[in-house]
Amino acid sequence: MTRLVMGPFNRVEGDLEVSLDVADGRIRRAEVSSSLYRGFESMLVGKEPLDALVIVPRICGICSVAQSAAAAAALADSVGLVMPRNGRLATNLIQACENVADHLTHFYCFFMPDFAREAYAGQPWHAGVAARFQALRGNALADFLPARSSFLRVMGYLAGKWPHTLALQPGGTTRAITPTEKVRLTGVLREFRAFLEQTVFAATLEQVAALDSPAALYAWAQQRDADFPRFLQVAQTLGLDRVGRATDRFLSFGAYAEDPASPAFFAAGLWTGTAAPLDPATIVEDVSHAWLAGDAALPPMSGETRPLADGKAGAYTWCKAPRYAGQVVETGALARQILAGHPLALALVREQGASVVGRVAARLLEVARLLPQMENWLAEITPGDAFCAQWSSPQQGNGVGLVEAARGALGHWLRIERGKIASYQIIAPTTWNFSPRDAAGQPGALEQALIDLPVAVGDKNPVLVQHVVRSFDPCMVCTVH
Amino acid sequence: MNLFWLQASGCGGCTQSMIGGDARRGVLEQLASAGLEFVAHPALREESGEEALDVLRQAAAGTLPIDILCVEGAMLRGPNGSGRFHTLSGTGEPMIAWVRRLASQARYVLAIGSCTAFGGINASGENLTEACGLQYEGAERGGLLGADFLARSGLPVINVSGCPIHADWIVDTLMTLAGGTMTADDLDDLQRPRFYSEQLVHHGCPKNEFYEFKASAQKASDLGCLMENLGCKGTQAHADCNTRPWYGVGSCIRGGFSCIACTEPGFEEPGHPFMETPKVAGIPIGLPLDMPKAWFVALAALSKSATPKRVRESAVRDTPAVLKSKGPRK
């Protein structure tokens with residue numbers, strides 16, 4: 001048995017170390033470690049409740065708005081505040097803008113550069129793929145980065161700036177856009193649709209959203225001159241649709257509600273072969289393998305985060321181990337699209353389980369589904385109607401905010417006592433996906449996904465491990481917070 | 001010039017903001033065309049694991065020159081000075097040890113963002129992680145590297161503060177360094193580049209008419225001035241956000257919410273709720289910088305008496321009351 005430590009992993013958001021036990025050319029055991037502890041949950045205690053809106057986005061500069069949305073939702077929940085329709089539409093637009101931008105930042109900057117590696121130099125597709133996607137130098141960046149900057153004007157108009165906005169409030173949003181801003185925003189979305197349809201897909205968004213099976217997906221990708229099809233062509237030759245399977249239990253907190261009475265655009269739930277309603281009361285966080293004090297796994301409303309200065313036997317990370325009804329689950333775009341009932345996502349997972357292809361395809365599929373929906377939300381905004389209901393801070397209250405960040409289910413659990421925050425617990429998407437073992441010894445999702453991957457003797461940087469880890473689009477800064 | 005980027009205890013938001021900068025073919029090509037090459041960047045370079053560590057080791061040993069060391073994120077010295085709240089993955093060593101090694105080799109050292117400059121949000125609350133900046137702890141000189149630290153060029157740490165930074169603040173600083181024209185005179189008394197820190201967020205504020213008449217917002221999404229009631233520190237904050245909009249169109253104030261002075265040391269612990277203005281006898285405590293208090297109070301009282309009805313009404317609405325045009329001349 002040899003031990004291979006891979007770190008700093010890089011091209012993930014934050015600090016990641018993966019330790020692998022390799023025997024007979026295959027990974028037998030993986031330990032995933034987050035090496036940074038900042039203590040945001042402690043910072044929040046004693047603060048005025050609305051201050052959470054300033055503090056939590058600063059957990060993460062790529063999921064900033066998702067953290068804000070979760071805090072705003074938890075605060076609203078604590079007093080039963082409902083936002084006006086314009087505020088809901090603007091909130092959806094702001095969240096969707098971040099999620100779409102994040103999916104593409106992941107694809108172009110974090111994920112695709114691995115295919116330009118020297119390790120693939122013998123492949124017939126390597127020269128073209130490297131020219132297109134190499135880190136820092138690939139010519140895709142000259143297309144993607146300006147398109148992303150232009151798209152972020154959605155944030156400029158609706159949220160002032162990104163990352164780290166205060167536009168998302170418990171009662172709605174702070175900027176009541178004017179008729180001219182609505183027209184400008186329509187132009188922004190139209191330009192971004194053109195970028196997606198030319199450069200990312202070489203197809204209309206509606207054609208991509210209509211793909212309903214792996215066979216249809218690969219047939220569509222054949223000979224198509226655009227970046228997502230390029231990935232699919234390479235992934236087929238490498239068999240990446242059969243690599244990276246974790247638990248095949250998928251969690252979504254639901255995303256893009258339009259009003260409290262209707263179901264969310266992407267439904268919430270747990271999928272283990274069939275979809276079941278979401279039951280957040282079954283969520284606990286275990287600290288048995290984390291450098292944190294505590295014995296029993298605790299539900300987040302009564303959770304705590306107490307770092308240990310001197311380490312702990314058996315612990316290997318700062319990350320807690322969240323469990324849903326005692327089980328390890330996976331979250332992210334693939335989970336969302338499965339719970340949303342999208343035929344392509346369901347077929348990918350039913351045929352082969354979750355995989356590198358499944359996770360990446362789900363992200364791009366989601367982009368194709370979200371942009372048209374953003375166009376609809378924008379069209380429905382009525383300048384002149386209210387965007388924000390008035391908040392007033394309660395003396396007591398409990399609130400839960402469950403949202404979907406780009407990377408998956410994000411939850412905030414908040415207790416207010418005597419007008420101040422008494423407790424604040426956060427479970428981020430990558431906390432689920434990159435969780436360590438729990439007290440029962442169950443490895444987390446990535447720790448399972450890495451098992452049995454081949455590692456050649458002397459290879460310190462096995463490419464398949466690179467692909468599988470990044471297929472989850474990890475955000476390590478959110479993970480520990 | 002070799003750009004060496006290290007992520008310390010940060011959120012990565014400064015990098016996310018930087019790559020959103022305005023450039024026809026993207027910021028990375030813009031920097032490359034000025035001769036600025038990233039030899040290390042945790043979010044952007046290909047190297048992973050051992051490959052990435054090799055680059056760090058060569059740089060620490062001086063065999064790979066570091067022209068510009070950019071650090072993004074605070075220095076965590078805890079627990080108990082050990083630095084173990086943040087270890088560099090793959091090494092088991094505290095990040096602060098690596099920062100010290102690399103800073104000693106660099107021609108220029110840049111603190112990217114308020115976390116790296118002063119400690120930032122990490123220093124909020126009890127600061128159990130003992131977070132500080134590269135050369136400052138809050139507003140106090142010292143930090144991790146100490147008050148006497150000078151990079152090999154002879155300059156102290158350049159504090160490109162902000163939370164996050166505006167993309168231009170880092171791009172323009174790098175371009176100035178690439179052009180060889182940065183001197184100590186270009187930095188203010190907190191070592192921030194004066195090209196943006198000499199402005200106040202107040203300059204170009206879109207709510208100027210409301211400020212003029214002290215017609216103030218009372219709740220979120222009101223159009224009025226945010227200073228009197230909702231905690232806005234734009235009159236005190238050093239940054240050019242309202243003359244250099246974000247993504248060409250936005251700023252915190254344009255977005256309808258208060259400036260929290262994120263370029264300043266200690267912004268993370270204002271000593272009052274962020275979105276409330278602390279007052280004594282109804283008068284805001286934090287006044288515009290360098291303005292005599294008694295005159296400010298007198299001026300404010302007169303302004304309120306002169307407020308046009310339209311402005312007074314609009315201040316507490318989310319859409320403006322209309323200014324009627326005079327109609328055709330007779």
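Start with chain A as a whole: for its 481 residues, a compact globule would have a radius of gyration near 23 Å, and chain A has 22 Å, which agrees. (That radius is taken over C-alpha atoms, and the globule rule is 2.2 Å times the number of residues to the power 0.38.) Before going on, note that this is a predicted model, where local features need pLDDT of at least 70 and side-chain atom pairs count only at pLDDT 80 or more, while totals for chains, interfaces and linings use all residues. Residues are numbered from 1 along each chain as its sequence is written, and chains are lettered from A and ligands numbered from 1 in the order in which they are written.

**Chain A, zoomed out**

Show the C-alpha trace: along its principal axes chain A spans about 60 × 55 × 40 Å. Switch to cartoon and you have 18 helices and 14 strands; these are DSSP runs (helices H or I, at least four residues; strands E, at least two), numbered from the N terminus. Of the 481 residues, 62% count as buried. Here buried means 20 or more other C-beta atoms within 10 Å of the residue's own, exposed means 12 or fewer, and partly exposed is in between, with C-beta atoms placed from the backbone. As for contacts in chain A with a separation of 6 or more, 71% of them come from residues 24 or more positions apart. Two residues are in contact if their C-beta atoms, placed from the backbone, lie within 7 Å.

**Helix α6 of chain A and its partners**

Two packed helices are described by the angle between their axes and the distance between the axes. Select α4 (residues 85–111) and α6 (residues 140–151) of chain A: their axes come within 11 Å and cross at roughly 165°. That makes α4(A) roughly antiparallel to α6(A). Axes are lines fitted to C-alpha atoms, for helices over the stretch in contact, with angles from 0 to 180 degrees between N-to-C directions. Angles under 35 degrees count as roughly parallel, over 145 as roughly antiparallel, 65 to 115 as roughly perpendicular and the rest as oblique.

Now show side chains. From α4(A), pick A:Cys97, A:Ala101, A:Leu104, A:Thr105 and A:Tyr108; from α6(A), pick A:Ala140, A:Leu141, A:Phe144, A:Arg148 and A:Phe151. By class, this contact has 8 nonpolar, 1 polar and 1 charged residues. (Ala, Val, Leu, Ile, Met, Phe, Trp, Tyr, Cys and Pro count as nonpolar, Asp, Glu, Lys and Arg as charged, and the others, Gly among them, as polar.)

On the α6(A) side the contact uses A:Asp143, A:Ala147, A:Ser150 and A:Phe151, which meet A:Val188, A:Glu191, A:Phe192, A:Phe195 and A:Thr199 in α8(A). The class count is 5 nonpolar, 2 polar and 2 charged residues.

**Where chain A meets chain B**

Bring chain B in. The contact takes 71 residues from chain A and 66 residues from chain B. Which helix of chain A gives the most to the side that touches chain B? Look back at α6(A), with 6 residues. By class, the chain A side has 37 nonpolar, 20 polar and 14 charged residues.

Most residues other than glycine have a negative phi, and most peptide bonds are trans. Here are some stops that go the other way.

- The bond from A:Trp162 to A:Pro163 is cis, with omega near -5°; A:Pro163 is in the loop between α7 and β4 (168–169) of chain A.
- The bond from B:Cys163 to B:Pro164 is cis too, with omega near 0°; B:Pro164 lies between β11 (158–160) and α6 (167–178) of chain B, in the loop.
- B:Lys214 has a positive phi of about 55° and counts as buried, with 22 C-beta neighbours inside 10 Å.
- B:Ala261 has a positive phi of about 60°, lies in the loop between α8 and β12 of chain B, and is buried, with 24 other C-beta atoms within 10 Å.

**Last stop: B:Phe296**

Select B:Phe296 in helix α9 (residues 293–306) of chain B. Buried or partly exposed? B:Phe296 is partly exposed, with 15 other C-beta atoms within 10 Å. Not counting residues up to four places away in sequence, B:Phe296 touches B:Leu287, B:Pro288 and B:Met291.
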